[in-house]
Amino acid sequence: MKGRVLVIGLGLIGGSLALCIKKRHPESTLIGFDINIEQCRLGKMLGVIDEICFNLEEEAVNADVILISTPVIETEKMIERLCELPLKQDVIISDAGSTKEAIVLKARCLKEKNITFIGGHPMAGSHKSGVAAAKEILFENAFYLFTPEPHIQDDKVHLLKRWLEGTRAKFITISPEEHDYLTGVISHFPHVIAASLVHQAEQTSRDHQLITRLAAGGFRDITRIASSSPAMWKDISLHNRKVLLSLLDRWKDEMDKFSKILSDNNEDQLFDYFAEAKNFRDDLPSKEKGAIPAFYDLFVDVPDYPGVISEITGYLAKERISITNIRILETREDINGVLVISFQTETDMAKAEECIQRYTNYGTSTGL
């Protein structure tokens with residue numbers, strides 16, 4: 001497909017979208033705009049974009065597709081700017097934010113001008129940020145949610161999907177309200193809980209300094225998402241305030257329920273409580289990309305001697321297998337340690353396991 005695609009916000013998501021579009025539609029022209037001009041220059045140098053946008057107003061009026069990939073509060077401001085411009089009547093505008101109802105409501109000014117706005121949310125991410133971290137495979141097999149309003153014609157949604165088919169994502173269309181509720185349950189609220197667990201540990205550590213040492217490993221794993229951008233989650237929480245408040249009420253009820261079971265010393269109900277949670281959790285798709293960016297963890301049983309980590313990473317480097325994180329779970333003397341190596345894709349994890357088994361006799365298992 002030919003056309004000028006303006007990507008506003010040239011970070012990990014915006015840059016990755018640009019790469020996907022350019023790969024699938026090489027005759028298109030990708031233009032990048034970012035308040036940090038260095039991100040644009042880097043994106044141009046890396047081949048993520050074809051051109052740098054120095055004047056948003058001048059470039060937007062010539063665009064056939066505009067993708068806004070900024071924090072949700074900034075997205076609202078961008079929509080306000082676009083509403084003031086004489087855009088092409090057939091331009092399609094979309095965003096990549098984690099909330100939809102407020103953004104779609106803000107885009108009503110575009111609707112009044114017969115400009116097509118289709119809310120979008122590619123549910124993928126990474127521990128890295130910036131255009132240098134952009135990659136074509138970021139959205140592969142991930143869910144990509146669209147939230148068109150009822151007045152949006154199907155052919156417009158279809159056209160946007162054609163532009164984005166290079167993402168190789170799984171497209172789903174839902175209402176903005178349903179989007180915000182579902183992502184509130186499986187993404188936004190878990191971030192709140194993770195942050196609250198970390199706050200509780202921090203408060204405990206004031207009187208029990210050992211807590212910071214004991215919290216390594218499993219606690220770090222289950223609260224990993226608490227290390228996400230505070231600015232981004234402030235904005236998301238404010239945007240999805242209504243849903244989060246209702247979920248907090250339900251959470252309090254759930255904790256009251258557990259508190260009563262525990263107070264009653266009811267062994268059967270305690271078992272059922274954990275068993276039901278385990279069964280539901282075990283039935284969740286383990287190989288699907290969800291709302292929270294997943295990492296693929298490989299556990300390696302390693303002996304306790306100096307240099308074992310460099311030995312393992314050396315084998316992986318030899319096979320050109322990239323890792324995203326590495327850490328030790330168990331470091332007690334005279335027993336095997338557990339090395340946890342995280343990968344961006346399941347394929348890399350499988351290649352790494354095969355590599356380690358080929359070069360060593362260390363036991364391995366996966367974290368799926």
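I began with the largest nonpolar core of this predicted model, which I found to hold 35 residues, with Val5, Leu17, Leu67, Phe139 and Leu164 having the most contacts inside it. I then looked up which elements give two or more residues to this core, and they are β1 (4-8), α1 (12-24), β4 (65-68), β7 (143-147) and α7. The most comes from α1, which gives seven residues.

I next took Leu67 and, leaving out residues up to four places away in sequence, listed what it touches: Val5, Leu6, Val7, Ile8, Leu17, Ile21, Ser94, Leu160 and Leu164. Apart from this core I noted another, of 25 residues, with Ile31, Leu56, Ala60 and Leu87 among them.

I turned to helix α7, which runs over residues 154-164, and found Lys156, Val157, Leu160, Trp163 and Leu164 buried. Seen down the axis of α7, these buried residues fall within an arc of 120°, so they line one face of the helix. On the other side of α7, I found Asp154 and His158 exposed.

Last, I noted values for the whole protein chain. I counted 15 helices and twelve strands, and buried residues make up 43% of the 368 residues. Of the contacts between residues at least 6 apart in sequence, 73% join residues at least 24 apart. The accessible surface comes to about 20,100 Å², with 52% of it belonging to carbon and sulfur atoms. For charge, I recorded 43 positive and 54 negative side chains, the centres of the two sets lying 5 Å apart.

Notes. Residues numbered from 1 in each chain as written. Predicted model: local features only at pLDDT ≥ 70, side-chain atom pairs only at ≥ 80, totals over all residues. Heavy atoms only, no water. Helix = DSSP H or I, 4+ residues; strand = E, 2+ residues; numbered from the N terminus. Buried < 20%, exposed > 50% of the residue type's maximum accessible area, 1.4 Å probe, protein only. Contact = heavy atoms within 4.5 Å. Areas by Shrake-Rupley, 256 points an atom, 1.4 Å probe, with all protein chains shown as cover. Lys, Arg positive; Asp, Glu negative; His and termini not counted. Charge placed at Lys NZ, Arg CZ, Asp CG, Glu CD. Arc of directions from axis to C-beta. Core = buried A, V, L, I, M, F, W, Y, C linked by side-chain atoms within 4.5 Å.
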